[in-house]
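Here is a short walk through one protein model. Keep the structure in view and follow the elements as they are named.

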Amino acid sequence: MKQFALFSLCLVFFGTCQNSSENVPDPLEAFDELTVSQIHRAYESKQLSVEVLVEYYLNRIATWDQSSGINSITYINPNAMAQAKKLDSLFLATGVLKPLHGIPLVVKDNYHTKGMPTTGGSVALKDFLPETDAYQVRQLLEAGAIIVGKTNMAEWAFSPMHTNSSTAGTTRNPYNLLYVPAGSSGGTAAAVACNFAAIGLGTDTGNSIRGPSSHNALVGFRSTMGLTSRSGIIPLYLRNDVGGPMCRSVEDATRVLEVIAGYDPTDSLTKHGQGIDTNYRQYLNKDALRKARIGVLRSLSADDPHPEIDSLFENALLLMSSSGAVIVDSINIVNFDSLKQNQWCSEFREDIENHLQTYIKQDTLHTLEQLIAAGTPTPYALAGMEYFLNNKGRSQGDIPCGDPYTDPLRIAFREAVENAMDLAQVDVLVYPSWNHPAALLTDFETQYLGDNSQIIAPHTGQPAFTVPMGYTSANLPAGL
């Protein structure tokens, strides 16, 4: 699919692309918002060591995560400081920084991390210690990143609305503790927003990178399906699952994507990404919006938006126009309403049982029935598992559920989107990530409104990114 190319204009919205000519900041004054490039320049200039930076993040987690009630971190890596010292010694000996050398990382609790608990948010897996790292985790560690901790998630990734698990409880939105951080990667989003790490990993089945990123003023990348491996990630719907970066800047997310993209023989879908040039930083051009053609998808942005989100979106269009973009308002996707129907497939039972039987060395945890018997105190997780006992495949019709390269309904939807973009000669489609602000923790079900992330990219296999768009009056971030 041609969507493997990252549009350069997506990399520069609203100043999120860092300028490589920036001066190195005083680390003592600017620890909280250091980017990868700033950290590396501080290492090179001997203003900062990996050991000092990792210790700073660990102290910050210890000071703020639980005392504030944010509750984003589920596990601290006991070897983080030792790994930091090794990376300092390696740099001292070689003078060479790896791509993510000494960059503190938080990882969602559905990624396998060798020797660290990986629970998927469920007490059923509270004692599971993977013997190997997930492919993406392994790539990041080889690039020099350091896992400082694992992050909370919605149990089994079942909820886009909030982040609550039977292993760690509820995560709050750090911008306003009365509100949700969205789900299911709300722990990673809150942790990165709180500067508990420089970069983070989340997963997205329909919303779960982009929703929490938009609710926490982050950049979230859901890449083209097949570009990154799903191996070693606890699945929700493997046919839709994508793992990827959640960061404070587009440049940092791009650096993470460069490391995790690539062919993995244990994930057959990545054969479609073989041979792709993953040098995405070449597109970090601060002037890329000049003459870029931006298609406005009013079928989403005009669907009962909250007035403050609507105002932020219209202002975003003005900002892009003032930066030289051509705003094409609006784009019509032929048969959009019908094509987006009947795309979801209930595949959790098959996918989770395959995962359990491949990785979990317990005969008592190989089936969905056994997971249910293990118990959970979270009602939505129990209801979800019981639903999947008796529901499989599409809710309507007998068309088999497939990946985005073989499923006829998914292909038809993607082709309709591409045809509309080609007809209008636009580079990208834009709409609010959510048409409504984050919901109150006490009323998250009824206030779950306007989640646009579920509609196109999960089904078409196309990439979708969110970048910060501003804040509502309750100090709640919104994403584009």
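Begin with the open sheet, which has 7 strands in the order S1-S3-S2-S6-S8-S7-S14. Its pairing is mixed. At the edges lie strand S1 (73-76) and strand S14 (464-466), each pairing on one side only. From one strand to the next, the twist averages 25 degrees. This is a predicted model.

Now look inside the sheet. Strand S2 (residues 104-108) and strand S6 (residues 199-204) run parallel, joined by 3 bridges. Valine 106 has glycine 200 in S6 as its bridge partner.

Helices cover parts of this sheet. Helix H3 (residues 50-64) lies across S1, S2 and strand S3 (146-151). H3 runs at about 15 degrees to S3. H8 also packs on the sheet, where it touches S6, strand S7 (219-222) and strand S8 (242-247). The direction of H8 makes about 150 degrees with that of S8.

H8 has a helix partner too. The axes of helix H5 (residues 135-142) and helix H8 (residues 250-260) come within 8 Å, crossing at roughly 110 degrees. H5 is therefore roughly perpendicular to H8. Tyr135, Gln136, Gln139 and Leu140 in H5 meet Val256, Val259 and Ile260 in H8. This contact has 5 nonpolar residues, 2 polar ones and no charged ones.

Turn next to charged pairs. The model has 18 salt bridges. In one of them, the side chains of aspartate 204 and arginine 222 meet at 3.1 Å, N to O. Aspartate 204 lies in strand S6 and arginine 222 in strand S7, so the pair ties together parts 18 residues apart in sequence. Are these two residues buried or exposed? Aspartate 204 is buried, because its relative accessible area is 0%, under the 20% cut-off. Arginine 222 also counts as buried, at 0%. Asp204 and Arg222 belong to a network of salt bridges with Arg210.

A second salt bridge joins arginine 298 and glutamate 314, at 2.7 Å, N to O. Arginine 298 is in helix H9 (residues 298-301) and glutamate 314 in helix H10 (residues 307-322), 16 residues apart. Arginine 298 is partly exposed at 21%, and glutamate 314 is partly exposed at 28%.

Finish in helix H12 (residues 348-359), which holds glutamate 353. The side chain of glutamate 353 forms a salt bridge with that of arginine 349 (3.5 Å, N to O). The two are 4 residues apart in H12, so about one helical turn separates them. Arginine 349 is partly exposed at 24%, whereas glutamate 353 is buried at 14%. Glutamate 353 touches residues including Phe348, His366 and Leu368.

How values were computed: Residues are numbered from 1 along each chain as its sequence is written. This is a predicted model: local features need pLDDT of at least 70, side-chain atom pairs count only at pLDDT 80 or more; totals for chains, interfaces and linings use all residues. Side-chain values use heavy atoms; hydrogens and water are left out. Contact means heavy atoms within 4.5 Å. Axes are lines fitted to C-alpha atoms, for helices over the stretch in contact, and angles run from 0 to 180 degrees between N-to-C directions. Angles under 35 degrees count as roughly parallel, over 145 as roughly antiparallel, 65 to 115 as roughly perpendicular and the rest as oblique. Ala, Val, Leu, Ile, Met, Phe, Trp, Tyr, Cys and Pro count as nonpolar, Asp, Glu, Lys and Arg as charged, and the others, Gly among them, as polar. Two strands pair if DSSP finds at least two bridges between them. A salt bridge is a side-chain nitrogen of Lys or Arg within 4 Å of a carboxyl oxygen of Asp or Glu. Buried means under 20% relative accessible area, exposed over 50%, partly exposed in between (1.4 Å probe, protein chains only). Lists of a residue's contacts leave out its neighbours within four places in sequence.
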